[in-house]
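This briefing concerns a predicted model.

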Amino acid sequence: PAHPDMLAVPDPSSVIQLPWNREVAWVAANCVMEGQDVAQAPRNVLRRLIAEAADEGMHVKTGIEAEFFLLTPDGKELSDPYDTAEKPCYDQQAVMRRYDVVKEICDYMLELGWGPYQNDHEDANGQFEMNWDFDDVLVTADKHSFFKFMTESVAEKHGYRATFMPKPIEGMTGNGCHAHISVWDAPGEKSKKNVFATDKKGDGPTGELGLSEQGKYFLGGIMKHASALAAITNPTVNSYKRINAPRTISGATWAPNTVTWTGNNRT
């Protein structure tokens, strides 16, 4: 009550016409108060960091892996009573029983030009993952927000409830959102070089993997600040129910439990 009104000022570059209702457009907005950007608003924070990186000739691109559960409308049960396999990851029968939902969401992404390339049943019963092409970091963030809205809308249309909650069901693998991060020499289609990659494999553990010096320092920064980053990557109490969670039905949690790095080992 001590502050003036906060306004959401639409960013016209983010407009997405709803494929399932063309009379409506979705648009991301920037939070403004008394004519100034609200410093703490996540989209404003990201825009500020994009500008700082650009001043140093760096342009961040990201791709994300969005995971979600399909539940009954009341959220108390899985939508598919036959999805009971002990290790259900990539269960094609379970995908086909929810094919109409997955297909409709994927068709909309194709229509929007997102370049979806993978849809699968994930590690938990009732859990799915859908992936699309990586893009400039703000574009991906906006797409991710829209994707959640779109998935929830399509699920409701089919009589289900979609949830991206980190740990909606005790004893099962939670919903993750793996992020693939790269830095390029220019934004958008102008980019030619991934500065995290090197043509010649160098010395040392990171060099052997084709990671550049900049890539190595980025990795070091992630590890140094991992504990503090948890305040951003784990913003709710439910988020922490995944960290060091008890063994799940499938035997894996796919959630981090140590601050470390490796070439290709998800454990």
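By class, five nonpolar, five polar and two charged residues make up the lining of the largest cavity. That cavity has a volume of about 40 Å³, and a search of the whole structure returns one cavity of 30 Å³ or more. The chain itself is divided into domain 1, residues 7-56, and domain 2, residues 59-242.

**Cavity**

- The nonpolar share of the lining numbers five residues; Ala85, Pro88, Ala124, Met172 and Ile249 are the lining residues of this class.
- Rolling a probe the size of a water molecule over the atoms is what shows where empty space is left.

**Domain arrangement**

- The C-alpha centres of domain 1 and domain 2 are 21 Å apart.
- Contact between the two domains involves 14 residues of domain 1 and 14 residues of domain 2.
- Between them, domain 1 and domain 2 bury about 1300 Å², and 80% of this area lies on carbon and sulfur atoms.
- On the side of domain 1, Pro19, Trp20 and Trp26 supply 45% of the area buried against domain 2, more than any other three residues.

**Polar and charged links between the domains**

- Two salt bridges are counted between domain 1 and domain 2.
- Arg22 and Glu111 meet through their side chains in a salt bridge, with an N to O distance of 2.1 Å.
- Two residue pairs in polar contact are counted between domain 1 and domain 2, with both residues of each pair at pLDDT 80 or more.

Conventions
Residues are numbered from 1 along each chain as its sequence is written. This is a predicted model: local features need pLDDT of at least 70, side-chain atom pairs count only at pLDDT 80 or more; totals for chains, interfaces and linings use all residues. Side-chain values use heavy atoms; hydrogens and water are left out. On a 1 Å grid over the protein atoms alone, a cavity is a set of points where a 1.4 Å probe fits but cannot get out, and a pocket is an open set with protein on both sides within 12 Å along at least five of seven lines; lining residues have an atom within 4 Å of a point. Grid points are joined across faces, edges and corners, and a volume is the space filled by probe spheres set on the points. Domain bounds come from an automatic or database domain assignment. Contact means heavy atoms within 4.5 Å. Buried area is the accessible area (1.4 Å probe) that two parts lose on being put together, summed over both. A salt bridge is a side-chain nitrogen of Lys or Arg within 4 Å of a carboxyl oxygen of Asp or Glu. A polar contact is a pair of N or O atoms within 3.5 Å; within protein, one must be able to donate a hydrogen and the other to accept it, and residues adjacent in sequence count only if both atoms are side-chain atoms.
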